[in-house]
Amino acid sequence: MIHAHDSAIVRTMSRLLIPLIQLFALYVLCFGQYGPGGGFVGGVMLGTSLILGILVFGPESPACLVAKKVTHGDGIGLIIFAGVGGLCLIGGGEFMNYSNLEIPWVDTESHRRYLGILLTQIGVAVDIAVTAISIVFSLSLIDASEESHD
Amino acid sequence: MIEHIEAALHRPNFIAFVVLFLWGFFIMITHPNLVKKLIGMYLVQTSIIFLLVTVGAKKEATVPILQGSDATGSATHQIDPADYTNPLPQVLTLTAIVVQVATLGVSLALVTAIYQKYGSLDEDEILKRIE
Amino acid sequence: MTVAFEISLLVLLLMTAAGAIMVKDLISSVLILGFYSFLLALVWAWLGAVDVAFVEAVVGAGLATVFFLLTLFGTASKDTHIRRTAAPAIALIGLPLLGLLLLYAAEDLPRFGDPESQASARVSPDYLTGSLKETHTPNVVTSVLMDYRAFDTLIETAVIFTAGIACALLLRRKQQ
Amino acid sequence: MTNHLPVIIFLIPFLTAICMPMVGLKKRHWCRPMALAAVFAMCVAALVNFSLVLDHGESRYAFGGWSISTSLPAAPLGIEWVNDRLASTMLVALSFLASVCLIYGGPLLPQSLGKQVVHYYTLILLLISGLSGIVFAGDLFNVFVFLEVAALSAYALVGIPGGRALLVAVRYLILGTLGASFYLLGVVFFYAATGTLNMADLAQQMTDKPELMTSKAIIAGSTFMFIGLGIKMALFPLHGWLPGAYTRAPDAISPMLAGLMTKIALYSWVRIMFWVLGAGAEIGHVHLLTLLGILGAVAAVVGALLALSQQDVKRMFAYGGISHIGLILIGFSQGNQTGFAGAMFYLINDAFMQAGIFFIAGAAIYQHGARTVDELASLRGGSPWMIGALIILAMSMIGIPPTGGFFGKWQIILSAIEEGNYLAVGAVVVATLLTMAYFQRLFVRIFRDRPTSASAPRVETHLSIRVSVAVTSAAIIVLGLCSDPIIKFFRDVAASAGL
């Protein structure tokens, strides 16, 4: 169903757009604490930049191979998120009590919470980006695993 | 009865919610086409989210991003909660939107699998082909 | 002025919803649904929920439309069912009842935009006043989402993860 | 560390689930041992938690440490979990049953899965962790999110066999999402009226402000919540998804769904009804519990009637489950301690009965290819041990001592007599007679009919099937024999809910 798009305009525009989308996604992700945005939006945008690559350059292209590699990380985002929560358990607080994060150079509680929010946002973004790509692979019936002969 | 309708008319948002909810509900239950069913489902879910955002709105209030913090992030002046809209419904909404898209993904996967097997998106036709 | 803006937005919203439901061509209907999502995002931005509007525009109008379109590319793009089946009796009785229940309940809901309403008075002021002091985060929505109610967010991320796994389970079998 | 036990119990299956896709990428055969280890560890942790709760009383767990609000001490800012006697008991039952179901599922795994085994076990673990989250949740919205995790995995698991199962899964998904939407709508109404999502705080406000109880927003909100959870628990007029889903689901999955999904939804409603609304809640001028009693009575009788008319064995048991949900609701709706204790006891007992009966139905398909009532006669030739287990389960479903089913039903009838509610007594008796009728039909087929030529089992009995069937049958008898202390325990729980 999905095949490489042969229009030069579409290909060139996507080549220009994909890095821009990724840059904007990173901005949204990192500035989620100061303005609208955050993990969800950043993650979806990171995901869509790769999805655009798949849709435009087709399932055989290097862009698609990158995306396939990315889907192998299914679960990493959640592990980051739950891991940050679990570190708080070790630090002696409740689950997800970021003020108990053991970060050596940060001493005030509110700054620890700030960092906790930032780290977990990254976790959310990674998870959502990976899952969005994985769902797109599933729905477009592309085989995501390249070593299918094991 | 009249006063119920009058009470509702003061809330155009609520009416929009009711219409979207009922119409989506109806399509979701009765339409034979699977994709249309899912569109109905989407409308039902968004209508509830719509109601949730409406609950959090405040007159004369701005977006809940606090003004007047200096570079280190500490407040430079007293924050008055009446100046900002209620953040909690918005948080619930974010969660609900993501849940909605997740449900949509799974349902579309099921629909695709059905199409691969039976070659149709129409429920009646699929049932016919099974027999 | 604002009332006129609001009403026209809502009317447009209902019209796009109607379009998404009634158009026979499924691809058009899905694209209209994407438009509907953008309008919703607009309404929400207008209600002061910028984060929600942003997410709806990206997730609802973007990702959901992509999912729908990918499905339709792989399947039939037309609503082939020309004749409509008669609506079942239970729907005809149940829907008006449901509508009446909703209207009945509307009476005791706090008025729209009431700053004194219970919803705005109970816990939300604590988030607004505490966010900067406790978490150094000016965007209160982010601090509530990722800290005060972070556990909900963890589970919600797990919902997305579940969806990814579920799609893979359902669709990636044929390729072997 | 012990006060973190609830969250640790939840994290065991959850972390295993999220690590599994990455581990399974390279080592596919590790998945089953990993899943089993996780569920067993969860079982042990649940038992420890139960004994701790018995010793130290209930505790609350505030995520992120956000338990204290500066202005309102009653309303926590964050999410709260409640680890009380009811929740810890449910969790022991849940984790025990989940591990039995996982043991059972091994040999029945669809062969076509191949590499998907990784996803299969991930989803099962996510289902279990979602259900355990619902058990602990003390926050209305938290319940919604957990419901979605559990439901999404259930939809996909039901659709595994392909073909008709996919169609059934879509119907399950549509109705399940509708249920979740109704539940969310109820939560929105509650939030708009009270400004909080925390169950304890809601209950506090209900007692502080009696006018809230008659507010239309709360009435409509609780109605929507009940409709939503009613779809999830397959209460009679809203049960549309259940028979198909249980019949078409893979044989390894049906027991887990039958034993756990509907029961946990019912449990969640019990939490809201007794711990938030209070037993005296009224809708309009009708007592809420009276209404539930009527709905329960209808479901009990009609479910059993529909079961009587089925040919497919799995479908028959599925309708039996619908009837039992009605019975449990009758017990709760009496509004006294006996009723609550009986219904709670029956709920746990029913979880085991349903799982066990679907174990047997699945094993009959696996060994003899027997799907319908008529074909079940072949059991006699090959599997006498299975018929023994079926007899025990049937005794419990009908309500013959010394099985657990009898004592639960007995308490429910006693409580109805206590309240002078003879309609409820009649419904329980009629449902019992109908249950007897459909099992009689089954046993007549098994014992009187001449076994057909295909009576010898097609495959050897797998040890894990024997173990799981034996464990559930034994559990039902043990529940029956120990019914006195358990029912007394639940009476105490009922007293703490203000009954």
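Gln204(D) sits in helix 7 of chain D, which covers residues 199–208; helices (H or I, at least four residues) and strands (E, at least two) are DSSP runs, numbered from the N terminus. This is a predicted model, in which local features need pLDDT of at least 70 and side-chain atom pairs count only at pLDDT 80 or more, while totals for chains, interfaces and linings use all residues. Residues are numbered from 1 along each chain as its sequence is written, chains are lettered from A and ligands numbered from 1 in the order in which they are written, and side-chain values use heavy atoms, with hydrogens and water left out.

Back to Gln204(D): its relative accessibility is 38%, so this residue counts as partly exposed. On the scale used here, buried means under 20% relative accessible area, exposed means over 50%, and partly exposed is in between (1.4 Å probe, protein chains only). Leu277(D) is 73 residues away from Gln204(D) in sequence, yet their C-alpha atoms are 9.9 Å apart in space.

Next comes the nonpolar core, meaning a set of buried Ala, Val, Leu, Ile, Met, Phe, Trp, Tyr and Cys residues joined through side-chain atoms within 4.5 Å. The largest one has 356 residues, and Trp44(C) and Phe151(C) touch the most other members. Helix 6 of chain D (residues 164–194) is the top contributor to this core, giving 22 residues. At least three residues come from each of domain 1 (1–82) and domain 2 (121–176) of chain C; these bounds come from an automatic or database domain assignment. The C-alpha centres of these two domains of chain C lie 24 Å apart. In soluble globular proteins, nonpolar side chains tend to be buried together.

Phe151(C) has partners in other chains. Leaving aside residues up to four places away in sequence, Phe151(C) touches Phe95(A) and Met96(A), along with Phe10(D), Phe63(D), Ile79(D), Trp81(D), Asn142(D) and Phe146(D). Contact here means heavy atoms within 4.5 Å.

The interface of chain B and chain C brings 81 residues of chain B into contact with 93 residues of chain C. About 7900 Å² is buried between them, 77% of it from carbon and sulfur atoms; buried area is the accessible area (1.4 Å probe) that two parts lose on being put together, summed over both. There are 11 residue pairs in polar contact between chain B and chain C (both at pLDDT 80 or more). A polar contact is a pair of N or O atoms within 3.5 Å; within protein, one must be able to donate a hydrogen and the other to accept it, and residues adjacent in sequence count only if both atoms are side-chain atoms. Salt bridges between these two chains number zero, the term meaning a side-chain nitrogen of Lys or Arg within 4 Å of a carboxyl oxygen of Asp or Glu. On the side of chain B that touches chain C, helix 4 of chain B gives the most, with 24 residues.

Between chain D and chain A, the buried area is about 1500 Å², and carbon and sulfur atoms give 67% of that. In chain D, Ile18(D), Met22(D) and Gly64(D) lose the most area to chain A, together 28% of what that side buries. Four residue pairs are in polar contact across this interface (both at pLDDT 80 or more), while the salt bridge count is zero. Helix 1 of chain D gives the most to the side of chain D that touches chain A, with 10 residues.

Over all chains, the structure holds 11 salt bridges. One of them pairs Arg113(A) with Asp147(C), with the closest N and O atoms 3.0 Å apart. The pair crosses between chains, from helix 5 of chain A (residues 109–139) to helix 7 of chain C (residues 140–148). Arg113(A) is buried at 6% relative accessible area, and Asp147(C) is buried at 1%. Another salt bridge brings together Asp139(D) and Arg149(C), at 2.9 Å from N to O. Asp139(D) lies in the loop between helix 4 (117–136) and helix 5 (140–158) of chain D and Arg149(C) in the loop between helix 7 and helix 8 (150–171) of chain C, so this pair also joins two chains. Asp139(D) is buried at 1% relative accessibility, and Arg149(C) is buried too, with 3%.

Within chain D, Asp350(D) and Lys263(D) form a salt bridge (3.3 Å, N to O). Asp350(D) is in helix 14 (residues 337–368) and Lys263(D) in helix 11 (residues 254–277), 87 residues apart. Both are buried.
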